[in-house]
Amino acid sequence: MHKDGAIRRNIPEPLEPSDRAILRELHNNGRATTAELAAVANISESACFRRLKKLEDSGVIQNYTVRINPAAVGMNIVAIVSIGLANQSDDEVVKFEKAVAKIPEILECSLLTGTPDYLLRVAVSDLEGLERLYATVLRRLPGVSRFSSNLVLRSVVSKINLPV
């Protein structure tokens, strides 16, 4: 309980306008220097460094990464795979999630409400690679009772940027 008797909720601190400016610029240019970020946020470099450190420490900024074009590195097939589990006991869910986390072809795995239970985004080199992934990996995942897939013909919108 909080000192005033109210239950304290895990509500994040609101972002300052300078924080939002820093985040927007990092979305556009992940390699931006502190000086560039400070200029965009209209704050000093030292203040920008402190704001950036606070955003990292609080978990607002989770990591810095680069987006790679799958086709440019030979991953020519991207598929969306729907997975249904036989049951959703805690043990089965944990086993399934640990198993999918180890599979390099799985780019994303999301637990859903309703049907299906999980949605995967996978990348492979070719259709034979997708067939191999199905036969030797996906079919053998713990608890899987059914799965289906759709091939991605073209990505129309692919954002990782949040509207901050």
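Is Val 73 buried or exposed? With a relative accessibility of 54%, Val 73 is exposed, because the cut-off for that class is over 50%. The model described here is predicted.

- Val 73 lies in the loop that runs between helix H3 (45-57) and strand E1 (77-85).

**Helices H1 and H3**
- Two packed helices are described by the angle between their axes and the distance between the axes.
- For H1 and H3, the axes come within 10 Å, and the crossing angle is roughly 80°.
- H1 is therefore roughly perpendicular to H3, since angles of 65 to 115 degrees fall in that class.
- On the H1 side, the residues that meet H3 are Ser 18, Asp 19, Ile 22, Leu 23 and Leu 26.
- Their partners in H3 are Cys 48, Arg 51, Leu 52 and Leu 55.

**Asp 19**
- Asp 19 sits in helix H1, which spans residues 17-28.
- The relative accessibility of Asp 19 is 2%, so this residue counts as buried, the limit being under 20%.
- Leaving aside residues up to four places away in sequence, Asp 19 touches Arg 51 and Leu 55.
- Both of these partners are among the H3 residues that meet H1.

**Ser 145**
- Ser 145 belongs to strand E4, residues 144-151.
- A relative accessible area of 43% makes Ser 145 partly exposed, because this class lies between the 20% and 50% limits.
- Apart from residues up to four places away in sequence, Ser 145 is in contact with Gly 84, Leu 85 and Ala 86.
- Ser 145 and Ile 83 are 62 residues apart along the chain, and their C-alpha atoms are separated by 7.8 Å.

**Backbone features in loops**
- A cis peptide bond, with omega near 0°, leads from Thr 115 to Pro 116.
- Pro 116 is located in the loop between strand E2 (106-111) and strand E3 (118-124).
- Asn 42 has a positive phi, near 60°, and is a residue other than glycine.
- The loop that holds Asn 42 lies between helix H2 (34-41) and H3.
- Asn 42 counts as exposed because its relative accessibility is 70%.

Key. Residues are numbered from 1 along each chain as its sequence is written. This is a predicted model: local features need pLDDT of at least 70, side-chain atom pairs count only at pLDDT 80 or more; totals for chains, interfaces and linings use all residues. Side-chain values use heavy atoms; hydrogens and water are left out. Helices (H or I, at least four residues) and strands (E, at least two) are DSSP runs, numbered from the N terminus. Buried means under 20% relative accessible area, exposed over 50%, partly exposed in between (1.4 Å probe, protein chains only). Contact means heavy atoms within 4.5 Å. Axes are lines fitted to C-alpha atoms, for helices over the stretch in contact, and angles run from 0 to 180 degrees between N-to-C directions. Angles under 35 degrees count as roughly parallel, over 145 as roughly antiparallel, 65 to 115 as roughly perpendicular and the rest as oblique.
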